[in-house]
Amino acid sequence: MTAPPTAALAVVIVNFNTGDWLGRCLRSLEAARGDLAVDVVVVDNASTDGSADVAEGLSGVRLLRNPTNRYLSPAWNQGAAATDAPYLLFLNPDTEWFGGSLGDLLRAAHADPMAGIVGPMLRNVDGTVYASGRRFPGLLDGLGHAFVSLVRSENAFTRRYRMSDWDRARPRVVDWVSGACMLMPRAAFDAVGGFDEGFPLYAEELDIATRLRDAGWHVLFTPDAEVIHAVGVSTGGDRRPHRLVVMHSDSLFRYYTMHRARGWRRVTLPAVWLALRARAELAWAIGRVRQR
């Protein structure tokens, strides 16, 4: 059932076996809400760890339980369809509000009416800054980052891709921001048809940022709000199953095919597919070794 359009902002959270993180996320949202009217929609993808139960009975929180794991993009679309709020905040459950408020993030969006996505400062669990707000990488930087970063995190390819020389203490229009926390005007979300469910998991934020840019919107990074993100809680981090590693590779290849392989670049498709799959297998193998 669709909620009445009384909320200034809807927060859509997709949960899958996140342990106590969902409860932490919801409590931090309540503290960051202030006087803002917020509709919180939690879509649970058939969790088996009881993590979604914390959402039941909480004021201002609606829980939608799926009988199977629909993955991320379909569930985000499902949550967005359950509310009429004029702004949609897509938020990972493994996050906690760290600084600023929901209102601060919303004010940044109001101040820039052509911002199709507004992303906050993200921090790792240890408080260090996570490099959200990045470039769409060219072919050379993309491949260089993919392979060299596995053995050396500080390298020229990765620095260009992550915009490491930019002081994230100031706002800036960027190509894309992390999907861990993205605020979108509903007008922008609807204009591009929401998330492409052909990206069930991974690269969905790249895709929607690209489609918004092509439709005349842009992506804004703002430090006015700060969010902690524990990367990979739902997917297992370095211990994620091999099928998710393959899904990541497939999603990146689909993105490259749709948005980056126009004209003469079509001839690069077989090589890019091979490189992405090789990188995925190498990263998975390195992760197994690190666990031992």
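Visitor: How many residues does the largest nonpolar core have?

Guide: Keep in mind that this is a predicted model. Trp76, Phe90, Ile117, Met184, Phe189, Phe195 and Ile208 have the most contacts inside the largest core. Counting everyone in that core, you get 42 residues.

Visitor: And how many residues are in the other core, the one apart from it?

Guide: Look for Val42, Ala115, Leu183 and Val227, which are among its members. This separate core comes to 32 residues.

Visitor: Are the rings of Phe90 and Phe195 stacked or edge-to-face?

Guide: Their centres are 4.9 Å apart. Planes over 60 degrees apart count as edge-to-face. These two planes sit at 85°, so the pair is edge-to-face.

Visitor: How many residues apart in sequence are the parts that this pair ties together?

Guide: Phe90 is in strand β4 (residues 87–91). Phe195 is in the loop between α6 (186–191) and α7 (204–214). Both Phe90 and Phe195 are buried. So the pair ties together parts whose separation in sequence is 105 residues.

Visitor: Which residue lies over the face of Phe199?

Guide: There's a charge over a ring at Trp166, where Arg172 lies 5.5 Å from the ring centre. For Phe199, the distance to the ring centre is 4.6 Å, and the residue over its face is Arg254.

Conventions:
Residues numbered from 1 in each chain as written. Predicted model: local features only at pLDDT ≥ 70, side-chain atom pairs only at ≥ 80, totals over all residues. Heavy atoms only, no water. Core = buried A, V, L, I, M, F, W, Y, C linked by side-chain atoms within 4.5 Å. Buried < 20%, exposed > 50% of the residue type's maximum accessible area, 1.4 Å probe, protein only. Phe/Tyr/Trp six-rings, centres within 6.5 Å; stacked < 30°, edge-to-face > 60°. Helix = DSSP H or I, 4+ residues; strand = E, 2+ residues; numbered from the N terminus. Lys NZ or Arg CZ within 6 Å of the ring centre and 35° of its normal.
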